[in-house]
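Please read the following report alongside the sequence and the 3D view.

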Amino acid sequence: MTTHTPGPWTVKGRYVEALDDRQTIVCEVTGSSENPIARADARLIAAAPELLAALSECVAELRLLNLKEDGQQKYNTPASLKIVQAHAAIRAATGQEDRP
């Protein structure tokens with residue numbers, strides 16, 4: 001598994017760039033930079049590092065809140081189902097699981 005370019009990332013026209021000393025281009029969004037859908041896609045991509053970090057922290061906190069008195073995780077609760085969904089998204093984003 002390879003790690004992604006560290007964030008934060010920003011949108012500059014059609015490009016999503018890392019705010020590093022080299023101004024690494026993370027990706028180019030196709031379509032006109034005037035297209036609202038292309039701009040929205042670029043903003044979503046640029047937010048990816050912060051979204052991944054925030055989701056990882058939320059999962060950790062949610063796991064603590066989803067403990068039984070004996071310290072074991074509760075199962076078949078709304079929280080436990082969301083933990084599973086969030087873990088699947090994190091695995092997909094970090095390359096730990098291939099998506100079709």
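## Basis of the description

Helices (H or I, at least four residues) and strands (E, at least two) are DSSP runs, numbered from the N terminus. This is a predicted model, in which local features need pLDDT of at least 70 and side-chain atom pairs count only at pLDDT 80 or more, while totals for chains, interfaces and linings use all residues. Residues are numbered from 1 along each chain as its sequence is written, and side-chain values use heavy atoms, with hydrogens and water left out.

Asn35 is partly exposed, with a relative accessible area of 31%; buried means under 20% relative accessible area, exposed over 50%, and partly exposed in between (1.4 Å probe, protein chains only).

## The sheet

Two strands pair if DSSP finds at least two bridges between them. Strand S1 (residues 9–12) and strand S2 (residues 15–18) run antiparallel and are joined by four bridges. Within this pair, Trp9 has Ala18 in S2 as its bridge partner, and Thr10 stands opposite Glu17 in S2. S1 and S2 form a hairpin with two residues between them, and Gly13 in the turn has a positive phi of about 65°.

S2 also pairs with S3, again in the antiparallel sense, over three bridges, and here Glu17 has Ile25 in S3 as its bridge partner. The hairpin of S2 and S3 has six residues between the strands. Together the three strands make an open sheet in the order S1-S2-S3, with antiparallel pairing. S1 and S3 are the edge strands, each pairing on one side only. Neighbouring strands of this sheet are turned by 25° against each other on average, direction ignored.

## Helices against the sheet and each other

Axes are lines fitted to C-alpha atoms, for helices over the stretch in contact, and angles run from 0 to 180 degrees between N-to-C directions. H1 lies across S1, S2 and S3, and runs at about 160° to S1.

H1 and helix H2 (residues 48–65) pack at an angle of about 50°, with their axes 5 Å apart. That makes H1 oblique to H2, where angles under 35 degrees count as roughly parallel, over 145 as roughly antiparallel, 65 to 115 as roughly perpendicular and the rest as oblique. Leu44, Ile45 and Ala46 in H1 meet Ala48, Pro49, Glu50 and Leu51 in H2, contact being heavy atoms within 4.5 Å. By class, the contact of H1 with H2 has six nonpolar, no polar and one charged residues; Ala, Val, Leu, Ile, Met, Phe, Trp, Tyr, Cys and Pro count as nonpolar, Asp, Glu, Lys and Arg as charged, and the others, Gly among them, as polar.

## Nonpolar cores

In soluble globular proteins, nonpolar side chains tend to be buried together. A nonpolar core is here a set of buried Ala, Val, Leu, Ile, Met, Phe, Trp, Tyr and Cys residues joined through side-chain atoms within 4.5 Å. The largest has seven residues in all, namely Trp9, Val16, Ala18, Val29, Ala38, Ala42 and Ala46. S2 and H1 are the elements that give two or more residues to this core, and H1 gives the most, with three residues.

Leaving aside its neighbours within four places in sequence, Ala38 is in contact with Val29, Thr30 and Ser32. Apart from this core lies another, of five residues, among them Leu52, Val59, Ile83 and Ala86.

## Backbone exceptions and single residues

Most residues other than glycine have a negative phi, and most peptide bonds are trans. Gln23, found in the loop between S2 and S3, has a positive phi of about 50° although it is not a glycine, and Gln23 is partly exposed, with a relative accessible area of 46%. Asn76, in the loop between H2 and H3, has a positive phi near 60°, and at 72% relative accessibility Asn76 counts as exposed. The peptide bond from Gly7 to Pro8 is cis, with omega near 0°, and Pro8 lies in the segment before S1.

Arg91 is placed in helix H3 (residues 78–93) and is partly exposed, with a relative accessible area of 29%. Neighbours within four places in sequence aside, Arg91 is in contact with Gln96 and Glu97. The C-alpha atoms of Asn35 and Asn76, 41 residues apart along the chain, are separated by 43 Å.
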